[in-house]
Amino acid sequence: MNWIGGESFSKTRGVGLYCDEALDVMDGELWRFYLFTTGRKARDVDFSWEELEKAVNGILIANVANLINRVVALVQSKRDGVVPGRAS
């Protein structure tokens, strides 16, 4: 992964984002998700705030919302809108 504009990350040149700064911006779980989704590609990827937002909002949050919607629809159609209690 490269920094914005294709520049290589470099601690000595101060190019990049440090962990403490990254965690101030967003939760670590969301960073891990973003790195996992972008790291699967065989080529180098340039970091961009827009792609980060797309990954978190467009992939993760959209999929979680879809799952919740499906579960609610299932409970409404099969259980008359009542969530069954836990089995002991």
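Which residues is Arg 79 in contact with, leaving aside its neighbours within four places in sequence? The tour ends at that residue.

The model is predicted: local features need pLDDT of at least 70, side-chain atom pairs count only at pLDDT 80 or more, and totals for chains, interfaces and linings use all residues. Residues are numbered from 1 along each chain as its sequence is written, and side-chain values use heavy atoms, with hydrogens and water left out.

**Stop 1: Asn 2.** Select Asn 2, in the segment before H1. Helices here are DSSP runs of H or I with at least four residues, numbered from the N terminus. Asn 2 counts as buried because its relative accessibility is 13%; buried means under 20% relative accessible area, exposed over 50%, and partly exposed in between, with a 1.4 Å probe and protein chains only. Now show what Asn 2 touches, not counting residues up to four places away in sequence: Glu 7, Ser 8, Phe 9, Asp 44, Val 45, Asp 46 and Phe 47. Contact means heavy atoms within 4.5 Å.

**Stop 2: the largest pocket.** Select Leu 17, Cys 19, Ala 22, Trp 31 and Leu 35, which lie nearest the centre of the largest pocket among its 14 lining residues. Two elements give two or more residues to this lining, helix H1 (19-25) and helix H2 (28-39). H2 gives the most, with 5 residues. The volume of the pocket is about 250 Å³, taken as the space filled by probe spheres set on grid points joined across faces, edges and corners. On a 1 Å grid over the protein atoms alone, a pocket is an open set of points where a 1.4 Å probe fits, with protein on both sides within 12 Å along at least five of seven lines; lining residues have an atom within 4 Å of a point.

**Stop 3: H2 against H3.** Select H2 and helix H3 (residues 49-79), which pack at an angle of about 100 degrees with their axes 10 Å apart. H2 is therefore roughly perpendicular to H3, a term for angles of 65 to 115 degrees. Axes are lines fitted to C-alpha atoms over the stretch in contact, and angles run from 0 to 180 degrees between N-to-C directions. To see the contact, show Leu 30, Trp 31, Phe 33, Tyr 34 and Thr 37 of H2, then residues of H3 including Trp 49, Leu 52 and Ile 59.

**Stop 4: Arg 79.** Select Arg 79, in helix H3. Arg 79 counts as partly exposed because its relative accessibility is 47%. Its contacts, beyond neighbours within four places in sequence, are Leu 74 and Pro 84.

Note on methods: Parallel < 35°, antiparallel > 145°, perpendicular 65-115°, else oblique.
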